[in-house]
Amino acid sequence: MGSVNVLSKSHDSITLTWADIGADGYEVYNAANGKLLQTVTETNVTVGKLNPNVTYKFKIRAYFTVDGKKVY
């Protein structure tokens with residue numbers, strides 16, 4: 001999918017952006033524990049409630065809807 005860029009950050013939140021690949025939606029995960037944070041249709045997301053003393057890694061997963069099912 002390409003790279004994910006930081007659009008802006010504050011003391012407790014971060015806004016991530018990525019290139020549009022024409023997907024129906026994107027799932028944003030915390031890469032450390034695999035927890036789904038948000039499902040979005042745009043190519044950016046703001047993740048809040050972050051601890052400034054912790055390093056975070058995120059995973060963005062694109063999906064298409066085919067016959068009513070998500071295909072990754």
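**Contacts, rings and a surface patch**

Modeller: Leaving aside neighbours within four places in sequence, Thr17 is in contact with Ser3, Val4, Asn5, Leu7, Thr43 and Asn44. Contact means heavy atoms within 4.5 Å. This is a predicted model, where local features need pLDDT of at least 70 and side-chain atom pairs count only at pLDDT 80 or more, while totals for chains, interfaces and linings use all residues. Residues are numbered from 1 along each chain as its sequence is written, and side-chain values use heavy atoms, with hydrogens and water left out.

Biologist: Where is Thr17?

Modeller: In strand 2. Strands are DSSP runs of E, at least two residues, numbered from the N terminus.

Biologist: And what lies 3.2 Å from a polar atom of its side chain?

Modeller: The backbone oxygen of Thr43.

Biologist: Different topic. How many aromatic pairs are there in the whole structure?

Modeller: Three. Rings of Phe, Tyr and Trp (its six-membered ring) pair if their centres lie within 6.5 Å; planes under 30 degrees apart count as stacked, over 60 as edge-to-face and the rest as tilted. One of the pairs is Trp18 with Tyr26, edge-to-face at 5.4 Å centre to centre and 70 degrees between the planes.

Biologist: Is Trp18 buried or exposed?

Modeller: Trp18 is buried, at 5% relative accessible area. Tyr26 is buried too, at 0%. Buried means under 20%, exposed over 50%, partly exposed in between (1.4 Å probe, protein chains only).

Biologist: Why is the pair Tyr63 and Tyr72 edge-to-face?

Modeller: Because the planes of Tyr63 and Tyr72 are at 65 degrees, with the ring centres 6.3 Å apart. Tyr63 is buried at 9%, whereas Tyr72 is partly exposed at 47%.

Biologist: Now Asn30. What does it touch?

Modeller: Not counting residues up to four places away in sequence, Asn30 touches Lys35, Leu37 and Lys57. Asn30 is in strand 3 and counts as buried, at 14%. A polar atom of its side chain lies 2.9 Å from the backbone nitrogen of Ala32.

Biologist: Last one, the surface. Which residues form a nonpolar patch?

Modeller: Ile21, Phe64, Val66 and Val71, with about 310 Å² of accessible area together. Areas come from the Shrake-Rupley method with a 1.4 Å probe, and for residues only the protein chains shown count as cover. Patch residues have over 30% relative accessible area and no salt bridge, and nonpolar side chains (Val, Leu, Ile, Met, Phe, Trp, Tyr) are joined within 5 Å. A salt bridge is a side-chain nitrogen of Lys or Arg within 4 Å of a carboxyl oxygen of Asp or Glu.

Biologist: Where does Ile21 lie?

Modeller: In the loop between strand 2 (14-18) and strand 3 (25-30). Ile21 is partly exposed, at 41%.

How values were computed:
Patches are made of residues with over 30% relative accessible area and no salt bridge: like charges are joined within 9 Å, nonpolar side chains (Val, Leu, Ile, Met, Phe, Trp, Tyr) within 5 Å. Helices (H or I, at least four residues) and strands (E, at least two) are DSSP runs, numbered from the N terminus. A polar contact is a pair of N or O atoms within 3.5 Å; within protein, one must be able to donate a hydrogen and the other to accept it, and residues adjacent in sequence count only if both atoms are side-chain atoms.
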